[in-house]
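Me: I would like to learn how to read a fold from its coordinates. Could we take one model and go through it feature by feature?

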Amino acid sequence: MKVVTPEQMKKIDECAINEYGIPGILLMENAAAAVAAEAQAMLDGCAGRLVTIVAGRGNNGGDAFAAARLLHSKGAVIRVYLMGEKTGLSGDALLNMEILERIGFEITELNEETDLDDFAFDLSDSDLILDGLFGTGLGRDITGFAAEIINQINYSCRPVLAIDIPSGVDGKDGSIRGVCVKADATVTFGLPKQGLLLHPGCQYVGRLITADIGIPHC
């Protein structure tokens with residue numbers, strides 16, 4: 001099995017987009033479709049099932065927004081939380097959030113002023129939680145409010161599906177960057193990142209699914 005570092009995967013992504021001309025939004029849609037398919041399998045069908053999406057402001061969050069739309073189209077009841085302000089979004093992540101809003105979704109911002117009681121209740125009431133907070137490019141320890149969000153996810157004791165990598169796992173060496181989402185399954189894209197397979201990160205991944213999202217291996 002071929003394994004890559006986050007930096008190697010980033011270069012493969014850039015090659016697909018810049019040299020081969022594959023639109024980044026298409027790769028994001030393919031990634032979201034893989035996440036939605038795994039979510040549907042974990043839920044044993046989407047109709048009427050409650051799914052809480054917890055997104056960050058990067059491409060990992062964009063994948064989560066697109067997956068929310070796809071799961072909604074399959075009949076799931078979706079609640080979407082964004083850690084931070086909408087003004088921090090750009091590119092394909094912003095586009096997918098704006099699509100959700102045009103459909104009629106309410107995107108609830110989470111910040112240090114937020115009373116987390118409603119968030120905690122929605123997590124505990126969920127049939128599935130999608131972790132789209134931090135991706136493989138995480139380069140710092142998670143502390144403060146962001147750590148509290150992750151702790152709330154873990155305290156909920158509900159099934160969690162991580163997008164690309166559980167938030168808090170270092171994709172290069174498998175270390176835990178302060179705190180980490182404990183996932184039941186992880187859908188990673190293109191090729192497995194080595195941090196998913198190394199201790200202690202591998203203990204937080206759950207069942208690992210590697211999804212082909214149409215990226216040529218440059």
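Reply: Start with burial. Buried means under 20% relative accessible area, exposed over 50%, and partly exposed in between, with a 1.4 Å probe and protein chains only. The model is predicted: local features need pLDDT of at least 70, side-chain atom pairs count only at pLDDT 80 or more, and totals for chains, interfaces and linings use all residues. Residues are numbered from 1 along each chain as its sequence is written, and side-chain values use heavy atoms, with hydrogens and water left out.

Me: Which residues of α1 are buried?

Reply: Helices are DSSP runs of H or I with at least four residues, strands are E runs of at least two, and both are numbered from the N terminus. In α1, the buried residues are Pro-6, Met-9, Ile-12, Cys-15 and Ala-16.

Me: What do the buried residues of α1 pack against?

Reply: A contact is a pair of heavy atoms within 4.5 Å. The partners of these α1 residues are α2 (24-43) and β6 (185-189).

Me: How does the span of helix α1 agree with its residue count?

Reply: The expected span is 1.5 Å times one less than the number of residues. Helix α1 covers residues 6-19, so its 14 residues should span 20 Å. Its end C-alpha atoms are 19 Å apart, which agrees. Gly-21 follows α1, with a positive phi near 80°.

Me: How far does helix α3 reach?

Reply: Helix α3 (residues 59-73) reaches 21 Å from first C-alpha to last, close to the expected 21 Å for its 15 residues. Just after α3 comes Gly-75, with a positive phi of about 105°.

Me: How many residues of α3 are buried?

Reply: The count is 12 of 15, so α3 is mostly covered. Among them are Asp-63, Phe-65, Arg-69 and Leu-71.

Me: Now the whole chain. In what order do the elements run?

Reply: From the N terminus, the order is α-α-β-α-β-α-β-α-β-α-β-β-β. That order holds 6 helices and 7 strands. The radius of gyration, taken over C-alpha atoms, is compared with a globule rule of 2.2 Å times the number of residues to the power 0.38. The protein has 16 Å, close to the 17 Å the rule gives for 218 residues, so it is as compact as a globular protein of that length.

Me: What share of the protein's residues counts as buried?

Reply: Of 218 residues, 52% count as buried. For contacts between residues at least 6 apart in sequence, 74% join residues at least 24 apart. The C-alpha trace spans about 45 × 35 × 35 Å along its principal axes.
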